[in-house]
Amino acid sequence: MPFAPNSLQDAHALVIEGNLQSRSILVSQLRELGVGTVSQCSRLVEARRKLEVNRYDVVICEQHFERDSMSGQDLLDDLRRNQLLPFYTVFIMVTAEASYAKVAEAAESALDAYLLKPHTGARLSDRIMMARERKKALEAIFTAIDAEQFHEAAVLCLERFEARGTYWLYAARIGAELLLRNGEIGDAQKLYEAVIAAKTLPWARLGVARAQLEGGQPAKAVTTLESLIQDDNTYADAYDVMGRAQFELGNFQSALTTYQMATKLTPSSISRLLKHGMLAYYTGDKSEGVELLDRATRLGLDSKMFDAQALLLLAFARLDNNDQRGLARTVDQLTRLRDRSHAPARPHRLLTIAESLLALQQQHTSRALDDVRRMANDALSPDFDFETACNLLALMSRLQMRSIALNEAEGAVDTLALRFCTSKAMSELMACAASGSQDFADRVRGAHSQILKMTEQAMTLSIKGDPQGTVMKLLEDGERTLNAKLIESAHQVLQRYTVRIAEHVALNERTEALRERYRTTAQHSRLGEHTGAAPTPGGVSLPAGYKPPSADGLLDSAAPN
């Protein structure tokens, strides 16, 4: 979108203010400045709906709302995290908090400006114009991003940073974000570290941790984050990244404690309620998980930030509690989400499982058995993902809990586990999903041990001087199980021993075909982060033209670690 810093007649502004008198003053001031269209609302929930559906050039939002646990900053954080604010939107927070710390925090975030009370129309005008000028100065960078010229955009950011041009810190943040999301993890970490060296900023330290995490070093990320949180224990994004790092290390209880801190800091954040609730549900505290997921559903069912997997977990809970009315209501909610989705494949999968649960509740056993068999027969297809595997395991465990015989159940569990047990975290999460059946959970953990043994046996050949034998063994087991850890390990050995592997070209073609077909390089599993929103805690929001790698649903196939 072209920028016109000195022209507001074509602009559309939104005022979010709970106090009628203050709201009227802001609306009048904007109209006096020549803003063409001014909309208004008094509640943050209403504002979220407006911002998800419409596009605004200027948003003026009050920081504090009486009788609302959510703040203006919480709204902004959720919108930024879920990529729901275009770059060209100027977002100004109105607050009575005149402390330097708050203003500095605003400057370091994606917020455009704070407007301190009491304020004049002239001061409001200055804030808007300065923010639009900054966006104009960085227009070349975001034009490149809109054109999907991500490398060129990153180069422009680096040039501005190195020259210490205007808005160099903001450009550095954008550049590091591009590098990180493009997989140039080492370069991103170096840029974040350069920013720290120039001016220690919390977002840059968090960026280092994110780069460490994306680079397969969750333990180092935890160390970095512990230091950051020690210095600022109210930095909610740091808890998000810490929780994910602990999750990937398999430290579920530590991750749960961390997510509790995040939701305590931001009790109305939909995405944090989802992550906290899902992990609580899977790790055994289902009552707490259900309470949190219920809250997230009431708060954000119609929001783009909502993840429909939450409804399916609630459906399992309704079945376990023999709540037929609640289960039927959940099925209706999933049906509505599917019907209005632009990409209905995933909502349809979730709805199918919920309908199977309702069939069990209504004692339509044959329907549930048919559904399970159909899904199990599809377990080796490229589109069958980790989330579906967990949901299918949970459904099969409900059959066993009701003593409903499924002769092929053990074989199906083994197939799912051998394919998706790629790390300690993934394996334990699958075991948690199957916790209704101790036998199923044990088989999942046994499959994880088998994958580790297969990997160890193959790697022994490399130690003995036969890297080609290692690749062939890993590919043989990988093609049989479709396990991403085995396939990616074969790829890594091929890259390391290129010269020493006589059949390198043929083996590489075979490996790449598997990697592409089964998406074995997909991102690590994540809780409550759905396709489309692509949340990045600690990251800066990029325009709609940027399309980062997406995580397909609640839990995508993790890269092996």
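Which helices each supply at least two residues of the lining of the second largest cavity? In this predicted model, they are helix 14 (270–282), helix 16 (309–320), helix 20 (386–401) and helix 22 (424–433). Among these contributors, helix 20 gives the most, with four residues of the lining.

The cavity itself may be set in context. Rolling a probe the size of a water molecule over the atoms shows where empty space is left. By class, eight of the lining residues are nonpolar, two are polar and two are charged.

Helix 20 also takes part in a packing arrangement with helix 19. Two packed helices are described by the angle between their axes and the distance between the axes. For helix 19 (residues 365–377) and helix 20, the angle is about 145° and the axes lie 11 Å apart. The crossing of this pair is left-handed. On the side of helix 19, the contact is made by A368, L369, V372, M375 and A376; helix 20 contributes L392, L395, M396 and L399. The contact of helix 19 with helix 20 has nine nonpolar residues, with no polar and no charged ones.

Definitions and conventions. Residues are numbered from 1 along each chain as its sequence is written. This is a predicted model: local features need pLDDT of at least 70, side-chain atom pairs count only at pLDDT 80 or more; totals for chains, interfaces and linings use all residues. Side-chain values use heavy atoms; hydrogens and water are left out. Ala, Val, Leu, Ile, Met, Phe, Trp, Tyr, Cys and Pro count as nonpolar, Asp, Glu, Lys and Arg as charged, and the others, Gly among them, as polar. Axes are lines fitted to C-alpha atoms, for helices over the stretch in contact, and angles run from 0 to 180 degrees between N-to-C directions. A crossing is left-handed if the near helix is turned anticlockwise from the far one by less than a right angle, and right-handed if clockwise. Contact means heavy atoms within 4.5 Å.
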